[in-house]
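Have the structure open while you read.

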Amino acid sequence: MEENNKNVPQHVAIILDGNGRWAKKRGMPRNYGHAQGAKNVEVICRAAHNMGIKYLTVYAFSTENWKRPQDEVDALMKLLNQYMKNCQKTAKKNNMRVRVIGDKSGLSEAIQRDIADLEEATKDYDGLNFTIALNYGGRDELTRAVKKIAVSVKNGETDPENITEETIAAFLDTAQLPDPDLMIRTSYELRISNYLLWQLAYSEFYFTEVPWPDFDENELRKAVEAYGQRDRRFGKV
């Protein structure tokens with residue numbers, strides 16, 4: 001594994017975009033693109049670990065994705081269900097800890113069970129920390145966090161006068177993770193689409209025209225090199 005240094009981001013977040021368009025360009029159905037995109041996840045997980053990246057978070061299914069055509073949603077849920085089952089083997093092979101963030105209560109009981117099994121099975125692995133954002137939306141996450149804080153205040157566990165940024169962060173889905181240093185979006189859509197709204201406050205953004213199924217180790221390296229060339233001042237003059 002390459003030695004980690006200040007030019008390599010500790011935490012990379014990726015919006016996996018362009019699966020459907022990639023498939024359409026090849027005369028294939030959108031679901032084919034999603035399947036190829038799912039296969040690419042392991043490739044990038046290995047590449048990230050080899051580059052010295054410690055945390056990788058991917059946007060797999062957003063709260064807004066439920067609005068897609070029902071046949072596409074059904075196919076995505078079937079694909080995710082199968083991916084959760086296969087991911088245990090992948091995680092074991094790559095010594096990878098897996099977490100899932102998002103509103104899990106909105107998913108089927110079968111997927112919820114698979115998520116719980118996956119997180120339990122990988123909790124002691126000490127390689128790449130891989131996080132999957134599933135039925136996730138930044139606004140939804142913040143709304144759920146506010147509700148939890150309100151309950152904590154009501155129960156006398158939290159003093160509202162002492163609520164800080166750290167307090168809010170502790171109630172987010174990502175409480176156990178550092179904020180991303182770098183956010184990558186494939187297929188060149190220039191927006192963050194309700195992804196990690198709190199956590200991306202000081203992240204560097206990298207947009208590429210390459211669709212997710214074609215985003216390989218070389219493309220990840222380009223993003224990391226671009227990140228390394230930026231001057232991160234964090235408010236300093």
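## Second largest pocket

The second largest pocket comes in at about 250 Å³, the volume being the space filled by probe spheres set on grid points joined across faces, edges and corners. A pocket here is an open set of points on a 1 Å grid over the protein atoms alone, where a 1.4 Å probe fits, with protein on both sides within 12 Å along at least five of seven lines; lining residues have an atom within 4 Å of a point. Among the lining residues are Glu165, Glu166, Trp198 and Tyr202. By class, the lining has 7 nonpolar, 2 polar and 3 charged residues (nonpolar: Ala, Val, Leu, Ile, Met, Phe, Trp, Tyr, Cys and Pro; charged: Asp, Glu, Lys and Arg; polar: the others, Gly among them).

## Where this comes from

This is a predicted model, where local features need pLDDT of at least 70 and side-chain atom pairs count only at pLDDT 80 or more, while totals for chains, interfaces and linings use all residues. Residues are numbered from 1 along each chain as its sequence is written, and side-chain values use heavy atoms, leaving out hydrogens and water.

## Largest pocket

The largest pocket holds about 640 Å³ of space. Its lining counts 30 residues, with Leu16, Tyr59, Ala60, Asn65 and Arg68 nearest the centre. That lining splits into 14 nonpolar, 8 polar and 8 charged residues.
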